[in-house]
Amino acid sequence: MDFGAVLIVAAVVAALIMAGGIVDVLRLGRDRFELAGKRRWHWVMLIIYSGPLGVLLYAAAARPQVIHPERYAE
């Protein structure tokens, strides 16, 4: 496999990871983000501009708080 094919595969994998992250953000719903004190569109934009790194940040920082806001309430 030549270098061009590897780059194409890497770009497709990165696009699929980003698409999965955006779908997950949109699937959870605006009310759950508001309950956690987060803005959904911020995370969508972060994923769009940061790529797979944005998905990793979302999965580690925001997703647990959005799914279980009672655990993070003060």
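A salt bridge here is a side-chain nitrogen of Lys or Arg within 4 Å of a carboxyl oxygen of Asp or Glu. I am working on a predicted model, where local features need pLDDT of at least 70, side-chain atom pairs count only at pLDDT 80 or more, and totals for chains, interfaces and linings use all residues. Residues are numbered from 1 along each chain as its sequence is written, and side-chain values use heavy atoms, leaving out hydrogens and water.

**Entry 1: salt bridges**

I searched the whole structure and found two salt bridges. In one, the side chains of arginine 27 and aspartate 24 meet at 2.6 Å, N to O. I see about one helical turn between them, because they are three residues apart in helix α1 (helices are DSSP runs of H or I, at least four residues, and strands of E, at least two, numbered from the N terminus).

Next I looked at arginine 63, whose side chain meets that of aspartate 24 at 2.7 Å, N to O. This pair links distant parts of the chain, 39 residues apart: arginine 63 sits in helix α4 (residues 52-67) and aspartate 24 in helix α1. Together, Asp24, Arg27 and Arg63 make a network of salt bridges.

**Entry 2: burial of these residues**

I took buried as under 20% relative accessible area, exposed as over 50%, and partly exposed as in between (1.4 Å probe, protein chains only). Aspartate 24 is buried at 12%, arginine 63 is partly exposed at 27%, and arginine 27 is exposed at 54%.
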